[in-house]
Amino acid sequence: MALAAAQVIDALAARLVPVALSGGRVFTSRTWPLTEAELPAWRVTAEDENAVRQYVGQTINDHTLTVSCVGIVRAVADLDDAMHALAAQGMTALFAAPAPYQLQLESISRATSTEGEAAVGTITVSLTARYAVDQAAPETLLV
Amino acid sequence: MAFAEDLSPFFDVAGGFALSATLNGVQVQVIVDVQTIDELGQLVTRQPSVLIATASATSAAPGQPVVCAGVNYQVRAVSLEPPDGALTRIDLVRV
């Protein structure tokens, strides 16, 4: 078992694996740069996580986890279109019913490289996931 | 009397100082520079460019095809090199 947040990340990453454009290339634990052969791809990582106690006297907290799903593409022409196409497929997969953990889209941001070959872009789909966890059992998701 | 420099020795293909390439279908001699860079903190990729005598690149423009050492590129940017613009750097993107 793993920390509840890690399980949430893995579950969301699993939803992105079938995305056609990224061909199963979904990374959750990779901190070093990708190579061109690994594009298009997704990086799914946990960002901030807040916990609020449900009831006084209990040890169960409501967690709100911010998740970044970063789509990375390389395109010599129409880079914008490539980024948007990847995001569209990714979001369709993430929010396919039933969407888990009260998944909510928070924002979509974009970045394109102007250095090097200027053919790389990232599109970040920021999400929040909500779930409950007993703080004495951090590896058990209570939904 | 102005100094007129002969740049041909720098682009001597037979002597191994440069490579033959085509720029928009025209045969030219270039010095190729390629380095690995990290883009957006996400990807290890390349930054290819060629150095060429400006006299051979007067009509170089973004979007034109370049073929060098069996690799197909497209011109991304054209800029004169200091101090006098006698050389031109052409930034490329692999296609």
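**Entry 1: a phenylalanine in chain B**

I started at Phe11(B), which sits in the segment ahead of strand β1 (19-23) of chain B; helices (H or I, at least four residues) and strands (E, at least two) are DSSP runs, numbered from the N terminus. Before going on, I noted that this is a predicted model, in which local features need pLDDT of at least 70 and side-chain atom pairs count only at pLDDT 80 or more, while totals for chains, interfaces and linings use all residues. I also noted that residues are numbered from 1 along each chain as its sequence is written, that chains are lettered from A and ligands numbered from 1 in the order in which they are written, and that side-chain values use heavy atoms, with hydrogens and water left out.

Is Phe11(B) buried or exposed? I found a relative accessibility of 8%, so Phe11(B) counts as buried (under 20% relative accessible area is buried, over 50% exposed, partly exposed in between, with a 1.4 Å probe and protein chains only). Leaving aside neighbours within four places in sequence, I listed its contacts (heavy atoms within 4.5 Å): Ala18(B), Gln29(B), Val30(B), Ile31(B), Leu51(B), Ile52(B), Ala53(B) and Leu87(B). Ala53(B) is 42 residues away along the chain, yet its C-alpha atom is 8.1 Å from that of Phe11(B).

**Entry 2: helix α2 of chain A**

Within chain A, α2(A) has the highest mean, 98, and strand β2 (residues 34-35) the lowest, 94.

Which residues of α2(A) are buried? I found Leu79(A), Met83(A), Leu86(A), Ala87(A), Gly90(A), Ala93(A) and Leu94(A). They lie on the same side of α2(A), because their arc around the axis (taken from the directions from the helix axis to the C-beta atoms) is only 125°. The face turned away from that side carries the exposed Asp81(A) and Thr92(A). Among the elements the buried residues pack against are α1 (4-16) and β3 (41-53) of chain A.

**Entry 3: an aromatic pair**

I looked for ring pairs (Phe, Tyr and the six-membered ring of Trp, centres within 6.5 Å; planes under 30 degrees apart are stacked, over 60 edge-to-face, the rest tilted) and got one over all chains. Tyr101(A) and Tyr131(A) have ring centres 6.3 Å apart and planes at 75°, so the pair is edge-to-face. Tyr101(A) is in the loop between α2 and β5 and Tyr131(A) in strand β6 of chain A, so the pair ties together parts 30 residues apart in sequence. Tyr101(A) is partly exposed at 21% relative accessible area, whereas Tyr131(A) is buried at 2%.

Terms used: pLDDT = per-residue confidence, 0-100.
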